[in-house]
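Here is a short report on aromatic rings and their partners. Keep the structure in view as you read.

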Amino acid sequence: MRGLTAYATGWRQALRRRTPFPAPARRSFSSKKLWPSELKKQVDFTALDAKWQERWRARLYPPVRPRSLVFEKGKAYILPMFPYPSGELHLGHLRVYTISDVLARYNQMQGHAVLHPIGWDAFGLPAENAAIERGIHPEKWTLQNIETMKSQMIMMGGRWDWDRHIFLMLHERGLAYQAESLVNYDPVDKTVLANEQVDANGCSWRSGAKVEKQMLKQWFLKIKQFQEPLLKDLDLLAENGNWPERVLAMQRNWLGRSEGMKIWFDVNATGHNCQIDVFTTRPDTLFGVQYLALSINHPIVQDMASVDDSLRAFLSRAQALPPDSKEGYLLSGIEAVNPLSQFSPAAEASIPVYVAPYVLDDYGSGAVMGVPGHDARDHAFWRANAGDRPVMQVIATESGVTPEPLVAGSELDKPMLFKGFIASNISSCGGLSSDEAVNEIGKLLEASSTPFEKTENWRLRDWLISRQRYWGTPIPIIHCASCGPVPVPVKDLPVVLPTLPNEFFQGMTGNPLAKDDEWKKTTCPKCGSVANRETDTMDTFMDSSWYFFRFLSPRRSEGPVKPETANIEMPVDVYVGGVEHAILHLLYARFISKFLATTPLWPDGEAVHGEPFKRLITQGMVHGKTYSEPSTGRFLRPEEVDLTNPSTPIIKATGATPVTSFEKMSKSKYNGVSPTTTIAKYGADVTRAHMLFQAPISDVLEWDEDSITGVQRWLTRVWRLSSTVNFIPPDILKTFRPPKNIDAPLVDVLIELRNRGILKPAKLPRHMPNPLMTDEEELLAALGVPEQLLWSKVQETIVSVTKSYASTYALNTIISDLMTLTNTIWDAAHTSQTMSYLRFLGMVHLLRMVAPVAPAVAEECWESLHTKTCRIIENDPYHPLKLASKSSIFSFRFPEPDTQVIPKLNPEITTVFMLDGKKKFEVKIRKPPELVQGPLELARWLGSRLLESEVGKEWLEKGRGRVWRRMQDVEADPQFTWLPKEWTAVIVGRGKLVNVVRPKTKGKKGGKEGNEGMQIQKDVGVHREGEETKQQEAQPEPGRARLLQESKGGAEKTARRERGKR
């Protein structure tokens, strides 16, 4: 089958240079109004999508990264699990590809050489079954679906090619082999299934049919040879939380390594004697064995079934029993001997032998020992088959104790499942701990000449890859009567599937390749005699286990991947997909990658232990809103529900209120949502941002379209800020000249603004002669508090957003952080000409942080912002932003945080809050700037900062805080809204202590309530460390704040005086 190409531009562009766009038409701008009429315009986000997708396509970016470009931060291989072309994308697809696209764009803006490909998981049973249902060729069905899905998912990808080299390499190394085996057979899909593809109920993972057991000759891969590194290297993947713990746990469980002992029991049967080997992880319970259980396909069982009609009937019925069935069959004329019975009368000498469906053929030798007293499954089986017979217990919770046998029907009839101490009535081992007893039991077995060995057992079995279907990768083997299985010569690869007419798939069953003699008949590559091609195809998981290597060399014909490229690009840095692939796909991919790391295809693979995926992100499922009938639980169709008021849905037929819930999307629940419909209505950027914002990426996402308007309003506000530039007054905009370096530290920006006469020196109070020692302190002091707060929020957001993009992948918090920053820029008052420049730079940073999430909106806003702010530099050949309005935002770097300036813009002090001189709490708040002077101004500042803290709200929030609770209908003070009317604030050390004093009670000596509080202290002490206190006359202000620069002891004295006045 020819390779399928799935490359398109638009969704994920690797923008790597500043290539000018066609010059956009300029819009007229009213310089007479600060708030232009454009503020009222609504944004057509779907039109923005179309506009920028067309521009991206017109730029003709190369599909492969130019190796000549230098990326100082190295490569970043971001890969989503490639989709099966089922026909249409659902929201689950949109979620995984949005996540990977956002991370790819971020890494590209960080300076990484990003590879972010996509392809199609085109082969497999679902496509063939769907084609058979429609009577068409699977290839036609698959290609139709690919075109449909490509139209939904405009994404950059690579050429997909079905290559055969890896199977032959496995075969050459002896890791691919053919053998007769009892296999899982799906009677509906008429194909063989791997163990991993059979669920806990014994049903097929695809068709849901009850799986049958059949003996067939099949192809296997020796994954068991890699079981040790597959298990051991899970610890490497766990480092720094690179892989989710639940995925690691699922893989450990599936590998199923268990340490224990293999013991051979003597079996006495009518006509002959033999031995049965049993593996157990609890050899300390050997004294308590009460039966042996054999699998239904055990050789002894099959031998006895040939002469036992009732046994044959049971075996036939057992095929349909669930794997955990407790039904059993007691074999007559056969019994086993407990090898420890000769050392202790507590152990039963002769024990019965059962056939039990719960025993797996491939676990150990297909036999287990039954210990009803210490295993829940064995206990249930014993009660179901042995009735009321007593259950022995040989392990006690304490040393020196002999447990009583368990009696059926009693409340104590429960097995003791944990390790403990051997019962005291067992000679030679009584009183030993479970672990100590293992060595002693080994000595006893050795003394009785019973074969045993300490060993380990694995649940993992070799990977069965044969499938008796047409639509899959052909196994490149030719069967010759003389030479046996012969690999197809490399020059004859790939083996191409025969082109069959549509009629061939109408009502087809079984494997059509086995019926196509023209394709099947060939000649032996060794001897030239007539031979047959292998008609089985490979499991589709074989293709998905190495496709990420093929993406690196999509057009290479000499082999699956160029070794030099594999060394550079592998492993995948971030792999994104569903947790449902934790066992099948991810385990097989790890196996094949570890194998390739031992071959010349990936020479440097051993350095990373052959692990293919450095970081794994498993996104949660997407659930849709459902409505159901309260009385019957029947799911309602959308047309059955009146959603005029979405918050109060009504069933049209009855007028009742339906039960509203979020369920996994399915046709039967009528809650499916098409991404195409949503994108057509709201635009791709709004849909993407809403999907990221609704839930952490690993959680279930409850898709609620009613709340999408919040994201829509946010992106509209971003667009308005950029398109109107309303944050720059028209008179300043006329001469606005952007800073040359948009990523320069704040101090460098301020130096440039100072040199241009825009930043004015700080107006320091008269009592502060030259207090600033450095140029940096002088520059920062020249900023007003609003400027400092704005720039601090910008830098804090860059820090938070960068961390979320780069390490925590908390993409939902990115949206909330960017919303907060947008509102901060929007709400910032125009306090100076410098503020215009800081808001401009804030917008430049904001748009670059928005770009990975909403690329079209970011591109549009970037163009608009620079079109309006860069007019004065259009003819300046040396200004770096001269072509910014004609360049993609992705040709600019992601903003780097200026972390050193954040604490300087946000100096903190610890404030002790007191009520009537009694300490209530202390909290860190922003230190008052030196320019905040005067009692009233300082009190307002401190009150606002206290209310920003949770503990401050607990005490001071109007109507709820403790200060307000006992007040009845008291108004807030007109000057200090954080205090009730007539209360006094005594402030010490510029906020190190805030003592709130209640007003004087009416009618008491000292005059009318509040008279004392109305006075203003005229002598204001200003104290700085290392300086003498200097007194200065302060003009009275309306209000009751007192600024007292005195010691804490002085503050306490003041508080006592205040209480004494009352």
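A residue is buried if its relative accessible area is under 20%, exposed if over 50%, and partly exposed in between (1.4 Å probe, protein chains only). By that rule, Y354 and F381 are both buried. The model is predicted: local features need pLDDT of at least 70, side-chain atom pairs count only at pLDDT 80 or more, and totals for chains, interfaces and linings use all residues. Residues are numbered from 1 along each chain as its sequence is written, and side-chain values use heavy atoms, without hydrogens and water.

**Ring pairs**

Rings of Phe, Tyr and Trp (its six-membered ring) pair if their centres lie within 6.5 Å; planes under 30 degrees apart count as stacked, over 60 as edge-to-face and the rest as tilted. The structure holds 26 aromatic pairs. Two of them are set out here.

| Pair | Centre to centre | Angle between planes | Type |
|---|---|---|---|
| Y354 and F381 | 5.4 Å | 90° | edge-to-face |
| W463 and F591 | 6.3 Å | 70° | edge-to-face |

Helices (H or I, at least four residues) and strands (E, at least two) are DSSP runs, numbered from the N terminus. Y354 is in strand β12 and F381 in helix α11, 27 residues apart. W463 lies in strand β17 and F591 in helix α18, so this pair ties together parts 128 residues apart in sequence. W463 is buried, at 0% relative accessible area. F591 is also at 0%, so it counts as buried.

Ring pairs also link Y547, F548, F549, F551, Y575, W602 and F613 into a cluster.

**Charges over rings**

A charge sits over a ring if NZ of Lys or CZ of Arg is within 6 Å of the ring centre and within 35 degrees of the ring normal. R105 lies over the face of W56, 5.5 Å from the ring centre. The charged end of R717 sits over the ring of W826, at 4.1 Å from its centre.
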